[in-house]
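Dear colleague,

I am passing on the structure we spoke about, which you will find directly below. Please have it open while you read the notes that come after it.

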Amino acid sequence: MRLGPDPASWHSAGRPDVGVLPLFLMPAALLLLLSPTGTTSEPALLPFPEIRLANGPSRCQGRVEILYNGSWGTVCDDDWDIVDANVVCRQLGCGHAITLPATMTFGQGSGPIFLDNVDCKGREAALSECWSHGWGIHNCYHYEDVAVICNELSPTQASEGPTSRTLTASVQDGESDGSIRLVSGTDTCQGRVEIFYRGNWGTVCDDDWGLSDASVVCKQVGCGQALDYKSNAYFGYGTGRILLDNVNCDGSEPFLSACYSLGWGIHNCGHHEDAGVICTGLDTSTITSFTTSVALDYEETLTATATAVTDGRDQPSHATEVVTTALLTVEQESGGVRLVNGNGSCRGRVEVRYRGTWGTVCDDDWDFPDAQVVCRQLGCGTALAATILGFFGYGSGPVLLDNVGCSGGEAHLADCFHLGWGQHNCGHHEDAGVICRGADDAGDHFQEATATTTTSAPTRPKDGSLRLVNGSHRCEGRVEMFYLSQWGTVCDDAWDLRDAKVVCRQLGCGHAMAAWGEARYGRGTGYIFLDNLKCKGHEPSLLRCSHIRWDVHNCDHSEDAGAVCSIL
């Protein structure tokens, strides 16, 4: 909910009602109205409710208090984080937040508690512009009043400020502060974004990461225009410091460090949120029809642009060669298969060999016939399960096959239909795996359960199916997903309306009306299958949204996500 000034508060906040003034005060009132500018009949209204930091040693540190309906009140600490604190500091002209002091550091407030569950994105001009439950709606006490400590410098004055354009910092080994590189992609124009600062490389958090940010990165590294932006460590986990968070470029900046951010090293992220980009890899002047397709999903964009890219001599460009590479005959050192990271030789993440390099297989369209071919090729007997979503851990190196479609009778996985070697729109969180019968007794229990569910496949839900539980109708409730033969829940970290929109569409409901967290519809049971979901809103199913691996999360069922959709 976006909050602004309440028109109902104008009178109590001091807006004169000239119609009810005594006649002898009318000239004075008119003078008061006209004197500031001499051209307006109304006083200038403050665009946002006033805010202050109380009971601290300076105006830039203390308990957060906000003025509403003529009264000062406090803010509850539910969901309060460094992003919210930064909005407060910026609104006060106090630079950025240095730390979040413990509650009651600056004492308990008094009077009303005005805001709760505040959730800022980082670009808001005032705290009242951030989402919250609404004025005066809370479940808090004053011992939960929030406080902030700011650095007392405006962002443009701070020596490390995110908006500073003075980037003549130290140069070390040919790299200067703000230099960018792309890591762990299949070429130099796609990968995890890493930035150099004070002698070290670090990563960028994916909070608020979008196409305009990716555009600046691609331009800075000389890789043309941005095809897509990636989140949730699509190109693998980085190491070292996370140097930028809540980056928000308008697209015109010459380099990423010139964009707005929280400041060097200020973040609330882990490396599972490392940002990435996919660039065209070409000078932008050679791309036709790109701007009309940039909003499409990556696989659609690549298809639309690959045939439209030429160089100045009308010869096939690198992008076109990549497409035609898929038509080449597989070389002798290609096509081998191995299973990695399982607890036996006949289960694990599927890896294939191409031109001497091992890589993974994306789980798009991965199913039982594909697993049958892998198991037979490896001499591991019949297939028991085809796993998805990095079930056996994230691989490394290139993703070599995508949209594999075997009939089940092929001798080798490479004989099955696929998009072509190296052609994909996947990340390692989508690495495919298999479980074969083999001779591994350690997996008998799992195999028996899988075999049982396989025989009942026509009556059980399909993996990735959704349902909403404990709501007032079928289009409202706790979000549950069917996977690994059971129903599980979704964690509310990063959960928002874009994610709910995908849920509503997948269930055949109307538009998304609310995205709830904190187990609003009761706590679920079983696995928590998805965490840190970051849907763009157009995905056909929740599984196609960016997320961290199903068995890697920091949640419990008190954080189960919910959704409310309209009924068609």
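This is a predicted model: local features need pLDDT of at least 70, side-chain atom pairs count only at pLDDT 80 or more; totals for chains, interfaces and linings use all residues.

Residues are numbered from 1 along each chain as its sequence is written, and side-chain values use heavy atoms, with hydrogens and water left out.

I begin with the disulfides. A disulfide is a covalent bond between the sulfur atoms of two cysteines; counted as pairs of cysteine sulfur atoms within 2.5 Å, there are 16 disulfides. One of them links cysteine 120 and cysteine 130, with the sulfur atoms 2.0 Å apart, and with 100° about the S-S bond this link is right-handed. Both cysteine 120 and cysteine 130 are buried, where buried means under 20% relative accessible area, exposed means over 50%, and partly exposed lies in between (1.4 Å probe, protein chains only).

Cysteine 406 and cysteine 416 are also joined by a disulfide, at 2.0 Å from S to S, and the torsion about their S-S bond is about 105°, so this disulfide is right-handed. Cysteine 406 and cysteine 416 both lie in the loop between strand 19 (399-401) and strand 20 (433-436), so the pair ties together parts that are 10 residues apart in sequence; strands here are DSSP runs of E with at least two residues, numbered from the N terminus. Cysteine 406 counts as buried at 10% relative accessibility, and cysteine 416 is buried with a relative accessible area of 4%.

A further disulfide joins cysteine 535 to cysteine 545, with 2.1 Å from S to S, and its torsion of about 105° about the S-S bond makes it right-handed. Cysteine 535 is buried at 3% relative accessibility, as is cysteine 545 at 1%.

Turning to the salt bridges, the count comes to 18, a salt bridge being a side-chain nitrogen of Lys or Arg within 4 Å of a carboxyl oxygen of Asp or Glu. In one of them, the closest N and O atoms of arginine 181 and glutamate 194 are 2.8 Å apart; arginine 181 lies in strand 9 (residues 180-183) and glutamate 194 in strand 10 (residues 190-197), so the pair ties together parts that are 13 residues apart in sequence. Arginine 181 is partly exposed at 34% relative accessibility, whereas glutamate 194 is buried at 6%. Elsewhere, Asp206, Asp207, Glu273 and Lys534 are linked in a network of salt bridges.

Glutamate 480 deserves a look of its own. Its side chain meets that of arginine 467 in a salt bridge (2.8 Å, N to O), and it also meets that of arginine 478 in a salt bridge (2.8 Å, N to O). Glutamate 480 in strand 22 is also the bridge partner of arginine 467. Strand 21 (residues 466-470) and strand 22 (residues 476-483) pair in the antiparallel sense over 5 bridges, pairing being called when DSSP finds at least two bridges between two strands, and a hairpin joins strand 21 to strand 22 through 5 residues. Glutamate 480 is buried, with a relative accessible area of 6%, while arginine 467 is partly exposed at 34%.

Note on methods
Helices (H or I, at least four residues) and strands (E, at least two) are DSSP runs, numbered from the N terminus.
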